[in-house]
Amino acid sequence: MARLTYPIPPPSEITPKEVHAQRRRFLKQAGGLLLTTAAPLLSAAPAWQADMIRAPQGPFSTDEPLTDPAMAAGYNNFFEFGTGKEDPKRHAHRLRTHPWSVAIGGEVGRPGRYTLEDILAPHGLEERIYRLRCVEGWSMVIPWVGFPLGDLLKRFEPTSRAKYVLFETLHDPDQMPGQRSRILDWPYQEGLRIDEAMHPLTLLAVGMYGDVMPNQNGAPLRLVVPWKYGFKSIKSIVRIHLQEEQPVSSWTARQPAEYGFYANVNPEVRHPRWRQATERRIGESGRRRTELFNGYGELVADLYAGMDLHRHF
Ligand code: MTE
């Protein structure tokens with residue numbers, strides 16, 4: 001298998017929001033000129049990383065103000081590195097994100113284990129600015145860099161029995177010390193219905209704010225499903241399995257009354273411990289109203305036509 005080498009910047013080197021905005025503006029103005037100037041800097045990095053910096057803005061982006069990148073990479077849920085919000089930033093440097101491979105199997109015509117480079121090679125990267133709403137009641141607005149998951153799945157030729165997609169995170173307690181605790185049954189698993197996985201909003205992300213994904217945000221490859229609570233957006237994926245049966249996600253296995261399979265953001269479905277009707281946008285004071293499907297209803301409501309969203313929460 002091809003060996004991937006690319007530098008992962010420590011969180012301190014993640015580009016601040018203003019710099020990122022400036023760089024995008026600059027890129028737009030300078031066009032090809034800057035790319036020539038930047039070439040020596042990028043020549044050591046694999047092609048997809050250079051593409052990340054050039055990633056054009058994809059569809060569905062919100063124009064709301066971005067969350068401060070230091071908060072986005074400093075206030076995280078990644079239980080493999082501890083349960084505190086600052087634990088992932090403190091401990092995720094232990095995760096070795098290269099070489100990295102993903103096993104793609106089950107109901108597909110071309111199963112196998114593929115390197116990250118194989119996975120990314122044919123896909124053009126784009127930037128999508130999405131709201132992400134955590135079940136605990138806070139939300140962020142993050143410019144993700146990635147490509148639609150559906151484009152990847154199509155390449156591996158799902159069979160007619162592929163009704164659901166199961167995703168799995170790496171299981172390695174040496175790198176992920178939080179896996180020594182029994183808080184969840186490891187590895188972390190999540191699932192989507194095939195039409196949700198194929199939906200053009202569903203993103204496989206490799207970066208944010210125009211840079212490589214920080215480890216604490218799920219490097220090197222994570223899911224972003226912006227109309228669902230944040231726990232569906234599984235990080236550091238090593239397995240994608242297409243199957244006929246509905247998968248049981250890690251949180252549903254732990255607390256079925258609190259975490260349903262669908263986990264669509266819904267202010268009307270109460271959670272026993274967290275407030276769902278309103279949310280705190282990180283960086284703002286006060287709370288704002290939470291919207292059904294996190295405000296993406298126009299794009300995704302059809303997926304659930306005729307379903308009782310209180311029962312299928
Ligand atoms: N993926 C894994 N493997 N482990 C986790 O603990 N936490 C989830 C999700 N993905 C989690 C995960 C939860 S609860 C949320 S809210 C989001 O990641 C948080 O993403 P962020 O830290 O990038 O904001």
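**Ligand contacts**

I note that the model is a predicted one.

I then turned to side chains. A polar side-chain atom of Glu-80 is placed 2.8 Å from a nitrogen atom of the ligand. For Lys-235, a polar side-chain atom lies 2.7 Å from an oxygen atom of the ligand. I next looked up how much of the ligand is covered: taken alone it exposes 540 Å², and the protein buries 98% of that.

**Shell and pocket**

I listed the surroundings of the ligand. There are 15 residues around it, and those that come nearest are Asn-76, Phe-79, Glu-80, Arg-222 and Lys-235. By class, the shell divides into 6 nonpolar, 6 polar and 3 charged residues. I also checked the location of the ligand, which sits in the largest pocket.

**Val-108**

I located Val-108 in the loop that runs between strand 1 (101-106) and strand 2 (112-115). Is Val-108 buried or exposed? I recorded it as buried, because its relative accessibility is 8% and the cut-off for buried is under 20%.

Glu-157 is 49 residues from Val-108 along the chain, yet the C-alpha atoms of the two residues are separated by 5.2 Å.

Key. Residues numbered from 1 in each chain as written. Predicted model: local features only at pLDDT ≥ 70, side-chain atom pairs only at ≥ 80, totals over all residues. Heavy atoms only, no water. Near = heavy atom within 4 Å. Polar contact = N/O pair within 3.5 Å; in protein donor to acceptor, adjacent residues only side chain to side chain. Areas by Shrake-Rupley, 256 points an atom, 1.4 Å probe, with all protein chains shown as cover. 1 Å grid on protein atoms, 1.4 Å probe; cavity = no way out; pocket = protein on both sides within 12 Å on 5 of 7 lines; lining within 4 Å. Sits in = over half its atoms within 2 Å of the grid points. Nonpolar A, V, L, I, M, F, W, Y, C, P; charged D, E, K, R; others polar. Helix = DSSP H or I, 4+ residues; strand = E, 2+ residues; numbered from the N terminus. Buried < 20%, exposed > 50% of the residue type's maximum accessible area, 1.4 Å probe, protein only.
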